[in-house]
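Trainee: Could you help me look at the aromatic rings in this one? I'd like to learn how the labels are decided.

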Amino acid sequence: MARKNRVDFTSQDVEVEPVICPLCERAIPDEQIEYHHLVPKSKGGKAKVPLHRICHSHIHAAFTDAQLAKKFSTIATILEGPTIQKFVGWVKTKPPGFEDEAEERGRRR
């Protein structure tokens, strides 16, 4: 029995859509994707959204797990927070691969 010819596709043939951060609406480079549990895992959450590392860190710096579980369990409600609004206004002006050096220093400690 003869085999059917398969068409070989290389990764160059298919353009991959960039992942867009729902918080700042910028494209997320592959090395900066982090997944945020809308309701923290410690509170029983399962749904996740991709975010920039810097956006994810800022959410957790602005809100406690209890606040995230009770009041800020969607991107829309997170965006209502005044500190998040200020942050998003600032970070939208940065290139997609931007990382805050101070934040990176804090992660190593």
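Trainee: Which residue lies over the face of Tyr35?

Mentor: That's Lys48, at 5.8 Å from the ring centre. A charge sits over a ring if NZ of Lys or CZ of Arg is within 6 Å of the ring centre and within 35 degrees of the ring normal. Keep in mind that this is a predicted model, where local features need pLDDT of at least 70 and side-chain atom pairs count only at pLDDT 80 or more, while totals for chains, interfaces and linings use all residues. Residues are numbered from 1 along each chain as its sequence is written, and side-chain values use heavy atoms, with hydrogens and water left out.

Trainee: Why is the pair of Phe87 and Trp90 called tilted?

Mentor: Rings of Phe, Tyr and Trp (its six-membered ring) pair if their centres lie within 6.5 Å; planes under 30 degrees apart are stacked, over 60 edge-to-face, and the rest tilted. Here the centres are 6.1 Å apart with 45° between the planes, so tilted it is.

Trainee: And what makes Trp90 and Phe98 edge-to-face?

Mentor: Their planes are at 80° and their centres 5.5 Å apart, so they pass. Ring pairs link Phe87, Trp90 and Phe98 into a cluster.

Trainee: How do you know whether Phe87 is buried or exposed?

Mentor: Buried means under 20% relative accessible area, exposed over 50%, partly exposed in between (1.4 Å probe, protein chains only). Phe87 has 7%, so it's buried, whereas Trp90, at 37%, is partly exposed.
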